[in-house]
Amino acid sequence: MKYVFIIICIGILSSCKNESEIQPKSFSSVVVKDILIDSTLSIRAIDLLADKSLAFAANNNSFGLYNPKNESWMISKQLYDSLSIQFRAVAHTTTDFFMLSVENPALLFKTGDNGAMELVYKEEHEKVFYDAIRFWNNNEGIAIGDPTDGCMSIIITRDGGQTWNKISCDKLPKAIDGEAAFAASNTNIAIIGDKVWVATGGISSRILHSPDKGKTWQVFNTPIMQGESTTGIYSIDFYDENNGFAIGGDFTKPELNKANKMITSDGGKTWILVSENKSPGYRSCVQYVPTSNAKSLIAVGFNGIDFSIDKGNTWKHLSDEAFYTIRFLNDSTAYAAGKGRISKLLFK
């Protein structure tokens with residue numbers, strides 16, 4: 001028994017050591033395999049479901065589901081009156097898929113009992129523009145959009161997405177004139193545990209944070225590029241409750257690489273600019289590589305794909321392939337979507 005105990009202790013210590021000292025994979029190239037080609041679509045919102053299938057929603061009323069087992073697609077149109085609906089936000093629970101349109105009227109659909117999509121939230125306002133949606137768990141979710149009054153638009157569900165309620169501005173930080181968000185990749189929201197971070201952009205680019213699933217809120221300033229309607233944070237991701245990364249810039253001046261990448265190690269309270277005056281410039285989406293101990297990142301945009309293995313301090317340009325958004329399947333495989341296509345990416 002003594003020797004068994006010693007062996008168990010050594011095993012535990014060894015596994016702890018391996019976890020803390022793990023060296024993430026280094027990528028030098030990426031193989032891009034298109035799995036959907038449709039020149040009529042602009043796809044900015046994809047989501048990996050629990051069974052590893054891939055869902056998307058896009059412009060032209062379109063949404064679809066990819067089955068990786070037989071490499072097949074089911075693509076549909078969501079009609080509502082005579083509107084040409086543009087979806088830029090999607091999310092899921094273990095039982096339902098959600099897709100949210102951007103412009104007036106904002107329309108939020110979920111899968112109904114008969115399998116068809118049903119409308120669960122509608123908002124009409126001349127300024128309405130929703131950008132992203134995420135879920136904490138099967139019951140509680142959040143969607144964010146541009147201000148229609150004096151604060152960012154934030155709607156929350158507590159019943160699995162059946163009903164959604166907009167948070168009153170008296171419970172949220174006041175928006176600065178010209179502050180909004182970008183519906184570029186459905187990554188304005190990051191969630192870890194009960195916590196949520198919301199990235200804004202434009203004239204002012206800040207981080208709204210709630211530690212308790214949207215019940216209370218605070219706001220943190222950032223050093224990222226801001227001051228114009230096209231500047232600021234376009235994408236945010238957190239690896240754990242302390243380590244986060246944000247990227248953006250100005251999509252009208254994509255070569256600008258000053259003050260467009262920043263990192264936090266204290267849960268978003270303070271942010272530090274990294275890779276100043278170095279590529280990449282503007283990117284619309286950033287994601288941590290899984291099991292990389294908050295060290296490795298992939299950023300995508302219409303100017304290509306970039307990789308960092310040192311928390312964003314230095315970057316390697318892997319490809320000129322253009323995408324708007326990316327989601328990882330594992331630590332070396334991802335799906336990415338952009339103008340007219342969805343692709344499977346194999347990092348090597």
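## Reading the model, feature by feature

Analyst: Let's start with burial: Arg-341 has a relative accessibility of 12%, so it counts as buried. Buried means under 20% relative accessible area, exposed means over 50%, and partly exposed is in between (1.4 Å probe, protein chains only). A word on the ground rules: residues are numbered from 1 along each chain as its sequence is written, and side-chain values use heavy atoms, with hydrogens and water left out. This is a predicted model, in which local features need pLDDT of at least 70, side-chain atom pairs count only at pLDDT 80 or more, and totals for chains, interfaces and linings use all residues.

User: Where does Arg-341 lie, and which residues is it in contact with?

Analyst: Helices (H or I, at least four residues) and strands (E, at least two) are DSSP runs, numbered from the N terminus. Arg-341 belongs to strand E29, which spans residues 333–347. Contact means heavy atoms within 4.5 Å. Setting aside neighbours within four places in sequence, the contacts of Arg-341 include Val-32, Asp-34, Glu-321 and Phe-323.

User: How should I read the chain as a whole: how many helices and strands has it?

Analyst: There are 29 strands and 1 helix in the protein chain. Its radius of gyration, 20 Å, is close to the 20 Å from the globule rule for 348 residues, so the chain is as compact as a globular protein of that length. That radius is taken over C-alpha atoms, and the rule is 2.2 Å times the number of residues to the power 0.38. Along the principal axes, the C-alpha atoms fill a box of roughly 70 × 45 × 45 Å. Of the 348 residues, 55% count as buried. Among contacts with a separation of 6 or more, 49% come from residues 24 or more positions apart.

User: And what does the chain's surface consist of?

Analyst: Accessible areas come from the Shrake-Rupley method with a 1.4 Å probe; for residues, only the protein chains shown count as cover. The chain exposes about 15,300 Å², and carbon and sulfur atoms supply 51% of that area.

User: How do I read a polar contact, and which ones does the side chain of Ser-308 make?

Analyst: A polar contact is a pair of N or O atoms within 3.5 Å; within protein, one must be able to donate a hydrogen and the other to accept it, and residues adjacent in sequence count only if both atoms are side-chain atoms. Ser-308 sits in strand E26 (residues 304–308) and is buried, at 0% relative accessible area. Its side chain meets that of Asp-310 in a polar contact of 2.9 Å, and reaches the backbone nitrogen of Gly-312 at 2.8 Å. Leaving out residues up to four places away in sequence, Ser-308 also touches several others, among them Lys-295, Leu-297 and Trp-315.

User: Is Asn-70 buried, exposed or partly exposed?

Analyst: Asn-70 is partly exposed, at 49%, in the loop between E4 and strand E5 (72–77). A polar contact of 2.5 Å links its side chain to that of Ser-72.

User: How do two strand residues, Ile-142 and Met-74, read?

Analyst: Ile-142, in strand E11 (residues 141–145), is buried at 0%. Its C-alpha atom is 4.6 Å from that of Ile-156, 14 residues apart along the chain. Not counting residues up to four places away in sequence, Ile-142 touches Trp-136, Trp-164 and Trp-217, among others. Met-74, in strand E5, is exposed at 56%. With residues up to four places away in sequence left out, Met-74 touches Phe-63, Gly-64 and Leu-65.
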